[in-house]
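This report concerns the packing and the pocket space of one protein model. Please examine the sequence and structure shown here.

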Amino acid sequence: MVIKGGFNMPRDIKFRGWDTANNMMTMDLQDEYIIGEWSSDPRFIVMQYTGLVDINGKEVCERDIAENEGHRYEIVYRDDMAMFMVKVIKGATLVKGLCFPLWQYKQSERSKVLELKVIGNVYEIQGGASHG
């Protein structure tokens with residue numbers, strides 16, 4: 001599914017899901033029925049693609065864990081701010097829990113590449129972040 005985004009650039013709307021019963025990730029949930037079923041079943045956790053990629057070209061989704069300059073972040077979506085953010089979960093100089101807009105980590109204004117490296121997600125990395 002593609003919709004028009006800012007600067008007249010297309011934006012891919014993608015979802016993935018974590019199956020808590022089987023401890024596995026299902027990538028690229030596209031079917032609206034499946035997304036609806038998964039989002040209403042407490043056994044599944046649906047996460048959205050941010051529309052951006054990390055320094056290695058890997059798609060960045062909410063609940064991913066990423067690193068940059070000795071800091072570790074969780075990618076979160078803040079409903080109150082209507083945006084994806086990075087939340088500090090381990091930092092050399094930054095306070096744990098502090099949040100920054102995800103766009104601040106873009107290589108340039110029109111770039112879709114972040115100055116972050118995704119190393120996994122909160123469900124696959126033991127002790128990576130809180131699951132709530």
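## Basis

The model is predicted: local features need pLDDT of at least 70, side-chain atom pairs count only at pLDDT 80 or more, and totals for chains, interfaces and linings use all residues. Residues are numbered from 1 along each chain as its sequence is written, and side-chain values use heavy atoms, without hydrogens and water.

## Nonpolar cores

A nonpolar core is a set of buried Ala, Val, Leu, Ile, Met, Phe, Trp, Tyr and Cys residues joined through side-chain atoms within 4.5 Å; buried means under 20% relative accessible area, exposed over 50%, partly exposed in between (1.4 Å probe, protein chains only). The largest core has 14 residues, and those touching the most other members are Tyr 73, Ile 75, Val 86, Leu 102, Tyr 105, Leu 114 and Leu 116. Strand 8 (71–78) and strand 9 (83–90) each supply at least two of its residues, strands being DSSP runs of E, at least two residues long, numbered from the N terminus. Strand 9 gives the most, with three residues.

Beyond neighbours within four places in sequence, the contacts of Ile 75 (heavy atoms within 4.5 Å) include Val 60, Cys 61, Val 86, Leu 102 and Leu 116. A second, separate core of eight residues includes Trp 18, Met 25, Ile 65 and Val 122.

## Cysteines

With a disulfide defined as a pair of cysteine sulfur atoms within 2.5 Å, the count is zero. Cys 61 is buried at 6% relative accessibility, whereas Cys 99 is partly exposed at 23%.

## Pocket lining

By class, the lining of the second largest pocket has six nonpolar, two polar and seven charged residues. In this scheme, Ala, Val, Leu, Ile, Met, Phe, Trp, Tyr, Cys and Pro count as nonpolar, Asp, Glu, Lys and Arg as charged, and the others, Gly among them, as polar.

Technical notes. Helix = DSSP H or I, 4+ residues; strand = E, 2+ residues; numbered from the N terminus.
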